[in-house]
Amino acid sequence: MKQQKTMDTNTNQEAIEKKRGLRPAAAGLALALLAAACGGFFYYRNYAAASTISLDVNPGIELKINRGEQVLSCTALDEDAAAVLFRMDGGRDLKGTKLEVAVSAIVGALVQEGYMDGTSSILISVEDSDPARAARLQQELVASVDGVLQSQASGAAILSQTLTEETAPATGDTPAGVSAGKAALVRQVMERGGAGDSDELFDALAALSVDELDDLLEAATAQIPIGKNAARQAAEEYAGTLALDSVTADVDSELDEIPAHYEVELKTAWGEFEYMIDAWSGQVLSGQKDLLSLSPGAESTPEAGQTPGNAQPALDSAQTPGNSAPDNAQTPDNAQPAPDGTQTPGNSAPLPSDTPTSGSQAADPAQKQAAQTPGNTPASLQDIGADAARQAALDHAGLTEADVTGMKIEQDWDDGRLEYDIEFWCGGTEYDYTIDGVSGSVLKHEWEHHSTAAQNVPGHSQPGASGDIGADAAKAAALSHAGVEESQTFKMEVEPDWDDGRLEYDVQFHVGRMEYEYTIDGATGAILEYEQDLD
C-alpha cells in the first residue's frame, strides 16, 4: 500500500508539472490573440477606408479617408484634375493629412487654376455606410469649402449630397473618370428629365460641368447642350477673335432660363464684350460682331457696309444681328468726331476710349438716349416685345391671361439691358416679374399673398389654424414649394418674426447660384411671400 501511494504521489507530481508547462503556452497564445485583435483594430481604424469624398467642378477629385478622418488616398479622375494636383505630387502629399486640411488645399488650388469663378459650382459628395457620419461630414465640408471660397473672394456655388447604399451607384456602374457623386447627379438629371437609361446619354451628360448639370436639373430636362467650349468658339467666331491668343473668355451656363443659353464674356485689350449663345443650336443671340474693327489702330480693310478710313460698321441695311449701332443712321448734325478730329457724316461709331463693354449698350450717350425710348430699340437687341414678355411671365407662373387681373407691363432699361417689368394678380396673390427684353428669360420674380384684414389682427389666423408650427415645419414648407431637398441647399437660415401680430418664419437658402426667400405663416404653414433670384 505504501508503494502504491508513492506511485500515486509521483503521478500527481507529473500532472502538476504538465499543467505548469501549459500555462506559459496558454498565456503566449492569449497574448498573440490579443495582439492580433489590437492589430486588426489598428488597421481597421487607420488603414481601412471608411468614407469616400468626391469634389467635382469639371475636374473631379476623389479622396478616401479612414475613421480618424485622415486621407488614405487622393486620386485625380481626369487630366484637368491631375493638373490641379500637380503641385501636391499628384495628391500623394495629402496622404495622412486631416480631411479638412486636404479639402482646403484642393479647393484653394481649384481657385488658383481658375475653376472656381463666380459662375462655377462645386459638388461635394460623401459616400459612407453610416448615414449619421455622412451627414456630419457633409455639413463640415460645406462649411470648410465655403470658408475657403470666401477667403479667396470666389463667388462659386456649393452643392452637396450624401450617398448611401441605396443612392450610390453600384460597383462597376460608374465609368472611369467619373466620381460616384457626379454619377449620382447625372442619374438625377436623367430621371427628372424623363430620359431613358442610355449609356450614350449618360456619357454625354457626364462630360458636362457641375453647374451645367445643376441647370439641367432645375430645368427638368436631359437634353444635351452644345457645351461651354462650343459656346466660346461660337462667340469668338462671331467676334472674329479666334486667332488672338490674348483674348480670354468667361462662360456661364444659363440652361434653366428661357431660352436656354450660355453667356460668354470676351476680355480683349480694348474692352469686355458679352454674348448670348443658344444652348441647343449654338446660334449667337446677341453680341458685338467683328471686334477687330473696334480695335485701336486696326488696319483691317473696309468691307461692304463700312466707311473707308474708320473700319466701323456703317449704319445701313447691311447691319448684322449683334451690331450695337441703331437702325436710324445719324445725320451730319449729330455725327461723332472721327479719330482725326473731323466729322464724318453718318458715322456713329464710338472712339476707342468710348468703346462699349457690352454688345447690348448704345454706342454713345445720344444713341443710348434714343435706344431707351420705347419703339426705338437698336436692331441688335432683337426686342421680343411686350406680348412675348407677358406670355413668358404667365408661363412661368403657370397661369393663363384669363386667370389674372390688373396686368401692368412697363419697358425699362437697366445698365444698358432692355427689360420688361410685369405685374398682375391672381385671386389674393400679387405677382411681379422682370423679363429680359432680348431673350425672354425670367430675370427676377416674386409673389406675395395678401391676407384678409381679420388675418392681420392679433389673435386671429386662418380658420382651423392655431399655435406655432415651428421652424422645422416652416423650413419643410419652403423646401417642398421649391422642389428641393435640404441636402441640396446651403446657407440655410430660418428666423421667426412677428408682423402685425402674426407669427411668421423668414426662410432663406441657396441652391446652386439661385437664392430663395420665403415668408411662411407660423400658424398654418402657408406661403405668404416668395422670391427666387440669381445670386
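Mentor: Bear in mind that this is a predicted model. Start with Glu69, in the loop between strand S2 (60–65) and strand S3 (71–76). Glu69 is not a glycine, yet has a positive phi of about 60°.

Trainee: Is Glu69 buried or exposed?
Mentor: Buried. The relative accessible area of Glu69 is 18%, and the cut-off for buried is under 20%.

Trainee: Which peptide bond is cis?
Mentor: The one from Ile258 to Pro259, with omega near -5°. Pro259 falls in the loop between strand S6 (248–254) and strand S7 (261–268).

Trainee: Switching to rings. How many aromatic pairs are there?
Mentor: Six. One of them is Phe424 with Tyr431: the centres are 5.2 Å apart and the planes are at 15°, so this pair is stacked. Phe424 and Tyr431 are both buried.

Trainee: What about Tyr518 and Tyr530, how far apart are their centres?
Mentor: 4.7 Å, with the planes at 35°, so that pair is tilted. It links distant parts of the chain: Tyr518 is in strand S16 (residues 514–521) and Tyr530 in strand S17 (residues 527–534), twelve residues apart. Tyr518 and Tyr530 are both buried.

Trainee: Which residues do ring pairs link into a cluster?
Mentor: Phe509, Tyr516, Tyr518 and Tyr530.

Notes: Residues numbered from 1 in each chain as written. Predicted model: local features only at pLDDT ≥ 70, side-chain atom pairs only at ≥ 80, totals over all residues. Heavy atoms only, no water. Phe/Tyr/Trp six-rings, centres within 6.5 Å; stacked < 30°, edge-to-face > 60°. Buried < 20%, exposed > 50% of the residue type's maximum accessible area, 1.4 Å probe, protein only. Helix = DSSP H or I, 4+ residues; strand = E, 2+ residues; numbered from the N terminus.
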